[in-house]
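Please look over the sequence and the model shown here before reading the notes on pockets, backbone geometry and charged pairs.

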Amino acid sequence: MNYTFRLLLFFLMLSTISIEAQELLSEKHHFTKQDTLRGSITPERAWWDLTYYHLDIKVSPEEKSIRGKNTIQYKVLDSHTVIQVDLQTPLKLTKAIQNGKELNINHDGNAHFITLIDKQNIGDINSITVYYEGIPKEAIRAPWDGGVSWKKDNNGNHFIATSCQGLGASVWWPNKDHMYDEVDSMLISVNVPKDLMNVSNGRLRLVEQIGDTKTFHWFVKNPINNYGVNMNIGDYVNFSEVYDGMAGNLNMDYYVLRDNLEKAKEHFKDAPKMMKAFEHWFGQYPFYADSFKLVEVPYLGMEHQSSVTYGNQYKKGYLGNDLSGTGWGLKFDFIIIHEAGHEWFANNITNKDIADMWIHESFTAYSENLFLDYYYGKEASADYVIGTRKNIANDKPIIGKYYDVNKKGSGTDMYYKGANMLHTLRQLIEDDEKWRQILRGLNTTFYHQTVTTKQVEDYISKQTGINLTEFFNQYLRTTKIPTLEYSHNKKALKYRWTNIVDGFDMPIQVKIGNNEQWIYPKSEWQTMEVPSSKTPISIDRDFYIEVKEL
């Protein structure tokens, strides 16, 4: 290669890199200051650690308004004078008080910077009370758009619920709205008209009637992420059971609209079945101290911690449909199984940044076929998860491209592609009990913690004894489906991987004649002898790959 050509090639490569860098920079510029204030650990967030909330509010259904306060208790990690509290418009943060002193608030969109007067000594436990009011954003397509659903039941009673994953809990109450810091415990006090009931997270401590209203006080003993906090208001009736679980007796409560009581008693039998299967696969339910609830709501459902919301119309499958197209998806109520699965992956193990939201959704989508595995066997579960592949879009990577701006990855593929990635990983381990212990180990190692993708990847790699770096790079960070190309002639089988990241060398199982064996493709052609050109060859369907016979 002569000097002139090398120089030309260098400048061509430099130009390509420059164009790619400009495209990335341009894309990043689409994010605003508000995205950064919402999605990053700002200096005004970093210096204090959440310990306790007392959310105390009055809900006025006729006005669709909320008024009240949140007392925020925190531990001082570093001396600072400004604290960031988040509350989304059109709600208004009206006042902040600490030690009887009203504080100055600098409003910057949905972020509110409060200047403290008293010295913040490292190690001190302090509190600040913020007051707010207004008409919150109304959810139009809950739970996908988020906000408050203001509906009525068939009898004309108010039927109200919150949902805010991604959008943020600050859409309806003021808090430190970032996933990295979970509050240790929380009291939720909600005042509603006396003919209605509010159901929130944790256990009901007290109901107070004051004139023509009632205040329901719910206490959450375990750490909880902000979007997991909810209020659900309606003409509810309650039934319950005690489940004999891994950690003893677990109260399982069900709150449904009055007219749906009898059908719910039959339909919600999937709940204890779920608990039995998931304690087997994932370990003990993480919130025994706060009980388990299913609460009927006027939207499809959501994974609110210890207060899982339900709106699947008392049908099997997903609103009566089988997402896998195999028939197995009609063996269970999708919302009960999927949303309750999030108690382990989302509520127990929580992503620190929404870019890593696959940790919530991939494992929980995968939990659906593990439920089937427990009750109907391994082939049924494989049928189901493989059947969901038709829903994979490969539109963008599962992991969000940017951190610190509250931006997730592919909204579809973190479910179905993520589930199939984990199903593929199960095949690589080739030991179902070991795989079960890895899933359980995740929930004990990261019990009640916020985590990063790297922590999850490193844990699984260590426990499997396999370097899974390229495996996760392939499935999480690209839209490429590994493609096995092979040709079969005379007594030779030739094969290789294409459409892969550098270093990807995942082995797969094939059946050659009557013999099952592993082959180890690389990007270069590999060759092995086979008995004859007529020897049948089949590729294990459990691996999420494409196969191309040349």
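The briefing below goes through these topics in turn.

This is a predicted model, in which local features need pLDDT of at least 70 and side-chain atom pairs count only at pLDDT 80 or more, while totals for chains, interfaces and linings use all residues. Residues are numbered from 1 along each chain as its sequence is written, and side-chain values use heavy atoms, with hydrogens and water left out.

**The largest pocket**

- The largest pocket holds about 560 Å³ of space, where a pocket is an open set of points on a 1 Å grid over the protein atoms alone, at which a 1.4 Å probe fits, with protein on both sides within 12 Å along at least five of seven lines, and where a volume is the space filled by probe spheres set on the points.
- The lining of this pocket has 28 residues, and those closest to its centre are Pro143, Trp144, Gln165, Glu361 and Tyr415; lining residues have an atom within 4 Å of a point.
- At least two lining residues each come from β19 (301-302), α6 (334-341) and α7 (358-376), and α6 gives the most, with 4 residues; helices (H or I, at least four residues) and strands (E, at least two) are DSSP runs, numbered from the N terminus.
- Sorted by class, the lining has 15 nonpolar, 7 polar and 6 charged residues, with Ala, Val, Leu, Ile, Met, Phe, Trp, Tyr, Cys and Pro counted as nonpolar, Asp, Glu, Lys and Arg as charged, and the others, Gly among them, as polar.

**Backbone geometry**

- Most residues other than glycine have a negative phi, and most peptide bonds are trans.
- The bond from Ala142 to Pro143 is cis, with omega about 5°, and Pro143 sits in the loop between β8 (125-134) and β9 (147-152).
- A cis peptide bond also joins Thr89 to Pro90, with omega near 10°, and Pro90 belongs to the loop between β3 (82-86) and β4 (92-98).
- Gln313, in the loop between β20 (308-310) and α6, has a positive phi near 60°, and this residue is partly exposed at a relative accessible area of 49%; buried means under 20% relative accessible area, exposed over 50%, and partly exposed in between (1.4 Å probe, protein chains only).
- Asn499, which is not a glycine, has a positive phi of about 60° and lies in the loop between β24 (492-498) and β25 (508-512).

**Charged residues**

- The structure holds 20 salt bridges, a salt bridge being a side-chain nitrogen of Lys or Arg within 4 Å of a carboxyl oxygen of Asp or Glu.
- Asp108 and Lys33 form one of these, at 2.7 Å from N to O; Asp108 lies in strand β6 (residues 104-108) and Lys33 in helix α2 (residues 33-39), so the pair ties together parts that are 75 residues apart in sequence.
- Asp235 and Arg258 form a salt bridge with their closest N and O atoms 2.9 Å apart; Asp235 is buried, at 12% relative accessible area, whereas Arg258 is partly exposed, at 46%.
- Asp413, in the loop between α8 (378-387) and α9 (416-429), is buried yet has no salt bridge, and the nearest side chain of opposite charge, Lys417, is 5.1 Å away; here Lys and Arg count as positive and Asp and Glu as negative, while His and the chain ends are not counted.
- The side chain of Asp413 does, however, reach the backbone nitrogen of Asn394 at 2.5 Å.

How values were computed:
A polar contact is a pair of N or O atoms within 3.5 Å; within protein, one must be able to donate a hydrogen and the other to accept it, and residues adjacent in sequence count only if both atoms are side-chain atoms.
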